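User: Please take a close look at the charged side-chain contacts in this model, and at the strand pairing, helix and aromatic rings that go with them.

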Amino acid sequence: MELAGGDAVPCGKDKFISRNELLLHLKTYNIYYEGQNLQLRHREEEGELIVEGLLNISWGLRRPIRLQMQDDNQRIRPPPSSSSWHSGCNLGAHGSVLKPSTLPDIPGMDGDAAPSTESPGRGAAPRPAEEAPQLMRTRSDVGVRPRGSARTPGEQRRLRRHRFSINGHFYNHKTSVFTPAYGSVTNVRINSAMTTPQVLKLLLNKFKIENSAEEFALYMVHTSGEKQKLRGSDFPLLARILQGPCEQVSKVFLMEKDQVEEVTYDVAQYIKFEMPILRSFIQKLEEEEDREVKKLKHKYSILRLMIEQRLEEISEGPTAM
């Protein structure tokens with residue numbers, strides 16, 4: 001079905017969706033996130049529908065990434081966090097975890113949700129150690145000490161100077177190497193006119209990552225095992241809206257291009273089966289293939305006989321005359 005220019009919203013190369021259908025998806029999306037900062041808003045700009053808001057992106061990196069080095073005289077701070085490396089935790093001074101402060105309900109969206117950085121004496125109490133979320137930690141390339149041996153005060157000072165924790169993920173300041181925990185979530189504020197490369201660059205710039213955006217790609221990963229790479233002409237925010245808001249069904253992942261292969265829906269259906277079951281599937285398919293081959297051979301053998309008989313009749317015809 002062809003759409004009129006004003007009613008068609010591009011959602012990828014040679015892919016369009018009607019404005020009304022997109023607005024219905026957007027309404028469902030915002031109902032799901034009612035009262036949360038992940039709600040999206042839309043506006044008209046030069047006759048085009050623009051949707052904007054926060055997009056959750058999960059870290060799916062297998063190799064360390066490089067953060068921009070800071071001067072030793074500068075104070076070490078975590079990256080600016082409209083969302084932290086792992087959303088849901090607030091960082092106080094020196095990377096300590098603080099309880100989230102209660103915010104009034106404000107209609108609309110007015111910027112990224114920034115964690116509270118107030119000191120405990122100014123209203124935000126430190127979270128007790130037993131309440132701190134247990135996050136997967138990635139250790140930097142520091143020397144491994146024998147178990148039970150204590151560090152000297154000098155070693156502790158040097159360690160604090162060159163390594164700090166960004167919400168549970170250890171970062172080595174000397175080497176500038178960092179690996180976010182697999183599956184941890186961050187977000188970026190984007191709009192529906194931004195393509196995949198633009199979103200990638202925005203995310204890398206947000207966390208001061210030195211790696212080239214060409215090393216990475218965004219994937220829509222489903223719980224079924226399906227992995228769909230977002231192309232350069234795709235619009236990640238629209239892709240998220242069209243897939244639906246529930247991240248228990250699908251998530252947007254940042255991954256290395258050379259570490260991930262796309263998995264189609266047809267293949268994903270079989271991924272979670274055990275090997276004996278998969279072998280039985282293969283056996284059934286081979287049996288079906290054999291039956292189809294026999295049918296085709298029988299069909300064409302009959303046709304061959306008919307053609308040969310006809311050729312004999314034609315060759316005998318002039319002789320009989």
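Analyst: What follows begins with one hairpin and its charged residues and then turns to other parts of the chain.

This is a predicted model, in which local features need pLDDT of at least 70 and side-chain atom pairs count only at pLDDT 80 or more, while totals for chains, interfaces and linings use all residues. Residues are numbered from 1 along each chain as its sequence is written, and side-chain values use heavy atoms, with hydrogens and water left out.

Strand β3, residues 41-45, pairs with strand β4, residues 48-59, in the antiparallel sense over five bridges; helices (H or I, at least four residues) and strands (E, at least two) are DSSP runs numbered from the N terminus, and two strands pair if DSSP finds at least two bridges between them. The two strands form a hairpin with two residues between them, and in that turn Glu46 has a positive phi of about 55°. Across the pairing, Arg41 stands opposite Glu52 in β4.

The side chains of Arg41 and Glu52 also meet in a salt bridge, at 3.4 Å from N to O, where a salt bridge is a side-chain nitrogen of Lys or Arg within 4 Å of a carboxyl oxygen of Asp or Glu. Because Arg41 lies in strand β3 and Glu52 in strand β4, the pair ties together parts that are eleven residues apart in sequence. Arg41 is partly exposed, with a relative accessible area of 39%, whereas Glu52, at 19% relative accessibility, counts as buried; buried means under 20% relative accessible area, exposed over 50%, and partly exposed in between, computed with a 1.4 Å probe on protein chains only.

The structure holds eleven salt bridges. Another one of them joins Glu262 to Arg231, with the closest N and O atoms 2.7 Å apart. Glu262 lies in the loop between β14 (250-256) and α5 (265-271), and Arg231 in the loop between β13 (227-229) and α4, so this pair ties together parts that are 31 residues apart in sequence. Both partners are partly exposed, Glu262 with a relative accessible area of 38% and Arg231 with one of 39%.

As for helix α4 itself, residues 236-243, six of its eight residues are buried, so the helix is largely enclosed by the rest of the structure. The buried residues are Pro236, Leu237, Leu238, Ala239, Arg240 and Ile241. Just after α4, Gly244 takes a positive phi of about 100°.

Arg304 is exposed, with a relative accessible area of 58%, while Glu308 is partly exposed at 35%. Elsewhere, salt bridges that share partners join Arg41, Arg43, Glu45 and Glu52 into one network.

Turning to the rings, the structure holds seven aromatic pairs. Phe273 and Phe281 form one that is edge-to-face, at 5.3 Å centre to centre with 90° between the planes; rings of Phe, Tyr and Trp (its six-membered ring) pair if their centres lie within 6.5 Å, and planes under 30 degrees apart count as stacked, over 60 as edge-to-face and the rest as tilted. Phe273 is partly exposed, at 35% relative accessible area, and Phe281 counts as partly exposed at 31%. Tyr29, Tyr32 and Tyr33 form one aromatic cluster.
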